[in-house]
Amino acid sequence: MADDEHSPLESPEGDWWNQTVNRRESIWLGISGAWAVTLFSWMLGWTQFGDQNQTGQTYKISTERFQEKVQAYKDAAGTLEVGGEEYLVPDGNDVFVGSRQWAWDGLPVVLKPGETYKFHLGSYDVQHGFGVRPEGNLSKQISLQIIPGYEWVVEMSFDETGTYHVVCNEFCGVGHRTMHGTFLVQDHDHVETGADQSSDDADQPTGDYGGWFTGDARGAETPNYDGSATDATDQSEVTVDVGSDTENGPYGYGPAALEVSPGTTVHFEWASDGHNVLVESQPDGADWQGVESLESEGYSESVTFEEAGVYKYYCEPHLGMGMKGVVEVV
Amino acid sequence: MFGLSTYEYDDDGFRTCGVTDLRIHKSAEDLVKLFGVTAIVSLAIGGVFALLVAMTRWEVVGLLDPGQFYRFTSLHAWFMILFWMVFMEIAILYVGGPFVLGRKLSLHKLGWAGYGIMAFGGLLAVYSIATYELPNQAPFYTSYVPLPSPAPYFAGAVLFLVGAVVAAVPFFATIWREKRENPSKTLPLITFGAFITAVIALEALAGGITALTPAFLWRIGFIEHLDAAWYRQMFWTIGHGSQQINLLAMITVWYFMTHVVGGAEVASEKVSRFAFVLYLFFINMGAAHHLMSDPGVSAAWRMWNTSYAAYGAVIASMIHAFAIPAGLEAGRRRKGEGGGLFGWLWSAPWKDPGFSATILSIILFGFLGGITGVMMGQMQLNMNWHNTLAVTGHFHATVVTGTTLAFMGLSYYVLRLVFGRNWLGGTLASVQPFLYGGAMGLVSLMLMYLGLLFGVPRRHPTVMDIPGTSFDFSAAEPFFAVFAVAAVLAIVGGALFVLIVVGSLVAGSPFSGGPVVDDDAVAADGAGDADPVHDQSMRGTFTLTLVFFGAFVVLYALNWFLLSQVWHIGP
């Protein structure tokens, strides 16, 4: 090696600190410094003159309390039917979006163009991602993190009308990919909103079970529920297949809804692998434990239902496929 | 070690390298081999998972079902970003410290102990990923609480990090002894770079242990509640901190390889060292850009940490982007290896995979990885990037196209200089870096297009059939097709690398070459220019960096334009 070589493998000799720096290298240093200042200034400036800043108040809140707030918001909201689908109409300019495994609570909602809404984003269970884009232009998209224990209030207003799609883009468990919601931006006539109009719920059609089989409740819509229960009130023993086929694969209870008389024994028989039966709600005085462990084909469990009322249950891993069921004792 | 080396040591356990003139001790060299070979085996396994993951996201093939996709993507992450990277980085520390200083590895038994702990922890983590059952979920790389990852996973991850800390101790001990014996001697630039890398690594590892230990205690029920926002903040100390280790190790490798293979010299010791010191102070806070679209931290916090901190590091990276090619240009001009604007580049040993891998790594990292990293690190632009495939594209540009390619180049020289083996494959070896780098660059680009222009989310097995809705991302299909073909080519390029390395280790002829750039002979001819390095013309490098700067400004402006099209968000 030449004696005066400046090798990075050897200790530099002499007064290396005061050695001349090449003029072009000095110019590049200047460019780099100026560029860094530009980057910083532009980012700060955008908070003043830009229209897209994901800033807003954050509140610490328990997941249960946030869920209650979303429920109160939904109770106060009006409804509007557009193209056969029912949308919430917010009472005022606050819009609540609750994320849960694996559905968006509070959606779909209809919003007016040009109006400024306060989105309250929060979670009932794990972390989720609020990824939004209008249907017709996928490149206009943004994503905000949702963290359980925090309610984030971010203002948004929309000029472009149409359907906006919300997908979850933070991994949240096996049903992650099924977590989809929408909201609609469009002008509409005045809709009655406010706390009292929730009494409409009393008029809901029978066989709805409080919307249990729709995407509004926990998990996705149940594909194999056709709107009415299977009547087995004349039988003393009935079988429910766990993991029976639906259009989405072996993720259904067959039948999804069952009507029985008091004292009927229901045999839950596993028709495919990896399912359980968790009880969502049951009448006062009933003490059904469900089957918490994940069981495989061939397993069975028998339960005798005595207490009259609606028993709602679901499969924990496959809620995202709408694997939900009801036994109603009449 | 392994009985695969062709070199002999003297009675003191030293030997002198015929290429670099370095005095190398067996205690350090054995561990370089152990960590290096482990890294390459991990790369091979991770490559198989890469194929499975890419062929799932290309839905025309749609290889894995969702559950398998989440599992295999997690495994792919562990074998690549943790095993391949971290094992290789420990090897680089042992090269940058004891090799360059001509010393034994102090406390070398801790190196072995660290390896054992890392291997045990790592295997525990991947075993728990491979076998977890509900209610546990796939941890991916982040294992965000409160989503339940398997408890042994957290334990394994903590052990892996502890092992890496233990393995770093012999490096620090070696530097300590060097400074005790030669207090007034400046460390060589490579050793200085490795030292800064190791300090930053310790900060990152400490942060990781701080995040993952409570997560483990929470998972086994000892702690009832862990704040998810706190976990995110602490996790990213290691989550991105480890990427800073990759960055610094890669830059150190760039200085090393351009010198050893290309005849580069140090353009300015002061400027290059200043840039490393900037990293030391600023780069770890740059990890804050993972929380740019988070509710858990205030806007002021986000602005502050992606401003003073990130831009201190951005300046440092821009300095290296000039200093390394300038060192190559000046060094080669001095040796008479090229006149004109780019003669020093045209005359370079492009057929040498060690050289081409290094240069491709510098170029592709800068254009694809560096620029995009700055863009997503701007608070508002981050809304466009967050959790889309564009993020995946960014880190495949940095960690894969940049760091992996640099480490591949280094590996070719580990074969020669540490194992004493010539590489097999001839032309195939010459082509390998171009195939891998080119294809991987295309993969990164496609992922970024998919994320930014179509908003395709990451961590989804499929986006063409979101259940229960007619909405899908089918407009993005052509980009997925290009992505998939490029991914297959890249995996072929990676497999070729593994085959060449393993083949050479077993059957390569003994390497007995001298210095790659024989500057004494050149100087004797009088062809070289005797002026000092800093007086050499750096106009070729200056032109290249101006092109880079132009691309930077244009891409930055385009991303802001894209964001400005979005509806009104915020006050």
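Hi everyone, let me start with a sheet in chain A: six strands, in the order E13-E16-E22-E21-E18-E19, make up an open sheet with mixed pairing. Who stands at the edges? Strand E13 (230-231) and strand E19 (291-295) of chain A do, each with a single partner strand, so each has one side left without a neighbour in the sheet. Before I go on, please keep in mind that this is a predicted model.

Staying with that sheet, look at strand E16 (residues 257-260) and strand E22 (residues 324-329) of chain A, which run parallel and are joined by four bridges. If you want a residue pair to click on, take A:Val260, whose bridge partner in E22(A) is A:Val329.

Now for a hairpin. Strand E2 (residues 78-82) and strand E3 (residues 85-89) of chain A pair in the antiparallel sense, with five bridges between them. Within that pairing, A:Leu80 has A:Tyr87 of E3(A) as its bridge partner. Two residues lie between E2(A) and E3(A) in this hairpin, and A:Gly83 in the turn shows a positive phi of about 55 degrees.

Let's step back to the domains. Chain A is divided into domain 1, covering 58-198, and domain 2, covering 204-329. How far apart are the C-alpha centres of the two domains? They lie 29 Å apart. As for contacts, eight residues of domain 1 of chain A meet eight residues of domain 2 of chain A. The domain 1 side of that contact has four nonpolar, three polar and one charged residues.

Next, the partner chain. Here 81 residues of chain A are in contact with 90 residues of chain B. On the chain A side, the elements that each supply at least two residues are helix H1 (23-49) and the strands E8 (128-134), E9 (142-146), E10 (150-157) and E11 (162-168). And which of them gives the most? That is H1(A), with 13 residues. By class, the side of chain A that touches chain B has 36 nonpolar, 30 polar and 15 charged residues.

E10(A) pairs with strand E3 (residues 568-569) of chain B in the antiparallel sense, over two bridges. To find the spot on your screen, go to A:Ser157, whose bridge partner in E3(B) is B:His568. Recall that E10(A) was also among the elements supplying at least two residues to the side that touches chain B.

Note on methods:
Residues are numbered from 1 along each chain as its sequence is written. Chains are lettered from A and ligands numbered from 1 in the order in which they are written. This is a predicted model: local features need pLDDT of at least 70, side-chain atom pairs count only at pLDDT 80 or more; totals for chains, interfaces and linings use all residues. Domain bounds come from an automatic or database domain assignment. Two residues are in contact if their C-beta atoms, placed from the backbone, lie within 7 Å. Ala, Val, Leu, Ile, Met, Phe, Trp, Tyr, Cys and Pro count as nonpolar, Asp, Glu, Lys and Arg as charged, and the others, Gly among them, as polar. Two strands pair if DSSP finds at least two bridges between them.
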